[in-house]
Amino acid sequence: MTYTAALRFINGGQLKRPEPHEEDIEMDIQDGLQEEARRAGFSIHPDKLASLVASYDIQTLSKLKGVEGLADKLNVSLEKGVNSSNILTRQNIYGANTYTEKPPKGFWTFVWDALHDLTLIILIVCAVVSIGVGLATEGWPKGMYDGLGIILSILLVVMVTAISDYKQSLQFRELDKEKKKIFIQVIRDGFRQKVSIYDLVVGDIAILSIGDQVPADGIFISGYNLLIDQSSLTGESVPINIYEKRPFLLAGSKVQDGSGKMLVTTVGMRSEWGKLMETISEGGEDETPLQVKLNGVATLIGKIGLAFAVVTFLVLTVRFLVEKGLRHEFTKWSSSDALQLLDYFATAVTIIVVAVPEGLPLAVTLSLAFAMKQLMKDKALVRHLSACETMGSATCICTDKTGTLTTNHMVVSKIWICEKAKEVDHNGGRGSVATDISEHVLSILSQAIFNNTGSEVVKNKDGKTSILGSPTESAILEYGLLLGGDFEEERRVCKILKVEPFNSEKKRMSVLVALPDGKARAFCKGASEIVLKMCDKGINANGEVVELSVEKVSDISDAINGFACEALRTLCLAFKDIDNVSHGNSIPDSGYTFIAVVGIKDPVRPGVKEAVQTCLKAGITVRMVTGDNINTAVAIGKECGILTDGDLAIEGPDFRVKSTHEMSQLIPRLKVMARSSPTDKHLLVKTARSVLREVVAVTGDGTNDAPALHEADIGLAMGIAGTEVAKESADVIVLDDNFSTIVNVAKWGRAVYINIQKFVQFQLTVNIVALMINFISACVSGSAPLTAVQLLWVNLIMDTLGALALATEPPHDGLMNRPPVGRSENFITRTMWRNIIGQSIYQLAVLLVLNFIGKQILGLSGSDSTAVNNTFIFNTFVFCQVFNEINSRDVEKINIFRGLFGNWIFIGIIASTVVFQVIIVEFLGAFASTVPLNWQLWLLSVLLGAVSMPIAVVLKCIPVDTKTSPAKQHDGYDPLPSGPELA
């Protein structure tokens, strides 16, 4: 459905049909309208209004006398907008601008999902059979204990998993709400104000500018060069020009160029976007690269576990049958024999449960979700989970200057006018800024400032003046007001005929106005060098228009460079008188008269220099990409610590003409790119990624930054200055537009990666020991020392609780003292294997010695000696895991206690594990096949577990040859040391 086809059909002369009378149209659009709506002054039915826009019905619109007639039917003034007092009535009749969302999954759904695990289902069947056989042989209640123990353990695992998943889903819903917080400017009660798009009502006058998302269906009132991208709705990639004869705007489309006002006609589920949303179910979050990698690891370990389980079951069964045969009892089978075989099967299945590390993907999700929540507090909204992870590997950040490195609080601090430079004193009033400037020049300057702007000076209800618009525009308007100019008076006197809004390609904004004397005048402002090239005249010290000689151009260029070297952003203002003008006239691009150069101060944000130094220490190159003059860019680059001796600053036009080979030679030294267009930024990112294999993060705020944000490994959009289009293309939204926040995202990214490495190291150690102890014991002695219930408890410690404890460690500053992780680096490093193998050997040695000669060593005798020994083995095994969990807090460094007491989640999990272990051993013996231990055995269990800590120290002193080539640095810094020397 395209405009062209609809208009051709409407305007085509071939089809003549009887025209409906106005009375018929009136009756049709009011048909079915509620009495409450008529009383409120509305005379058009919501559904008829929705179909008018959805079907692009230009005929009916013209019969209703266009947008003015429609505004009357909606009881709204196009100048003053909606009256705040009847917003509720409008919402009741025409609906609210909200979309119906799928109801979130409830807690019990997560419980049901967790119960679908195949190994748990097999164990439930085993438990039920065990209860049946147990009741038949041992009677009530003793026959219940084994089976009931397994069921209780399964329920505990299921509940912990479900709670964890449910809390995480709540967190993602919170983040989703944050993503949807979009504000738009509207006119209400005669004043311009910002409202949430969810508070929009039918009849609102919405202001649209470049990069905005159209918040509801509506009709164009007025504007300039309004170009709309409807690809998200229609798939049509060619943008559509919106004007009086093609006035329909649809929610969800985006403003690609220009600006305008629209009358909101349809909101919420009645809008085209709402209908589309109804048919689309919300897609889940894709798996992150790390989750994919770890799923592979989990599958491999699961297969190994399955093989061990099958062999263990076969060995136990064969031994059982051989012993039965030796006792000549092969023909005599009792229910206790069946129970024994079932017990073997349950042990084998439990080995699979322990071996399958379902905690791996859980740990990634938990860690990322925790990082996302913390980053939200630190003013960064992560839109895609994988970005958090990728940011930890970033080797280069390409950042904007304005608003990211600088504060974006701009003021005009210098002006070069009438052949001399002046300081601007904002406290001295008009007299201090307007001295030595003739009234004629001041008048032209005021016209240039107030007519050629995309911003507005508005008065609020209290009569206070405020400026709505971009910081640069606001600074110039503020200067115009300081000169004593009157925005409304200038706009009333001069009629705007045509506007070419500012865009990053042309780097200028132009406007054509009709003067009161019938003549026309064009105004142009923008990048100083570009506008200066369009001028052939200037204003001299006496305020007269004179030819621009080579010397005068040289003086102006010197002034521009002088301002730029003081880190001022420079803009040039110019005008051109035009004698005869028609609406078809295009705005000229030469023959202008130079008025002035303004120098705008935008101070560097506090903390930026330190943040840049942190990046350099961490092996991350920072590059500044800006549209500013090269001298301004170099001055700011040096102030921020980005540009140092030997580094390169280049202009965008010079960069884009280089060959790929030349670019790859330049980029390692390139730190500042000035006068760059979005295409240059895209080219830089593409070359750095494809040729130099860098992991690139890019910041962007404008609509034209979308390709670069999309091309980069991590796109960072600005929350304050960023357009909706940029935010939609980004992975992370930096809510406070601050560079330090970006460095924080990198730090958290590294924390996520390292936390998951810690967890994998911990889990693989438990896996190896649990598999080997039961396997070796089954092969040698014919019985497994760890029962199904005990293994399920160990599985809970290491999977869910271990993931919670280790995956939620906050980052520390040491993370930014090492180089980033390379794209192709192994996830399980040699250092981790050293720790895993060392700890596994110790634990296996202790447990196997206890299994085979534990009774003699501990001096146990009597009927319960085997039960006490097995309980002691189980207790020691659990305490080995508790201390190894503490060891895993740092893979490389010896000091594992740093920051321990600041992490309450970790302490809480360790404490609750110990408390629950005491309860299982001392009070739940019937279910867990344990017997109470005396205090000496408890102390010995704890000591044997604690020995793993000095063993960890010894292991960390063993050097590991990483055999990876040092990370290729592009910043002149040597690769940083890694390994134990970082302790």
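1. Cysteine 957 is exposed, at a relative accessible area of 52%, whereas cysteine 494 is buried at 2% (buried is under 20% relative accessible area, exposed over 50%, partly exposed in between; 1.4 Å probe, protein chains only). The count of disulfides, pairs of cysteine sulfur atoms within 2.5 Å, is zero.

2. The model is predicted: local features need pLDDT of at least 70 and side-chain atom pairs pLDDT 80 or more, while totals for chains, interfaces and linings use all residues. Residues are numbered from 1 along each chain as its sequence is written, and side-chain values use heavy atoms, without hydrogens and water.

3. The largest nonpolar core comprises 141 residues (buried Ala, Val, Leu, Ile, Met, Phe, Trp, Tyr and Cys joined through side-chain atoms within 4.5 Å). Helix H30 (residues 739-781) contributes the most to this core, with 18 residues (helices are DSSP runs of H or I, at least four residues, numbered from the N terminus). Apart from it lies another core of 55 residues, including Leu33 and Ile219.

4. There are 13 aromatic pairs (ring centres of Phe, Tyr or Trp, the latter by its six-membered ring, within 6.5 Å; planes under 30 degrees apart are stacked, over 60 edge-to-face, the rest tilted). Tyrosine 56 and phenylalanine 248 are stacked, because their centres are 5.8 Å apart and their planes at 20 degrees. Tyrosine 56 is buried at 3% relative accessibility, and phenylalanine 248 at 1%.

5. Tyrosine 753 and phenylalanine 827 pair edge-to-face, with 5.3 Å between centres and 80 degrees between planes. Both residues are buried.

Technical notes:
Helices (H or I, at least four residues) and strands (E, at least two) are DSSP runs, numbered from the N terminus.
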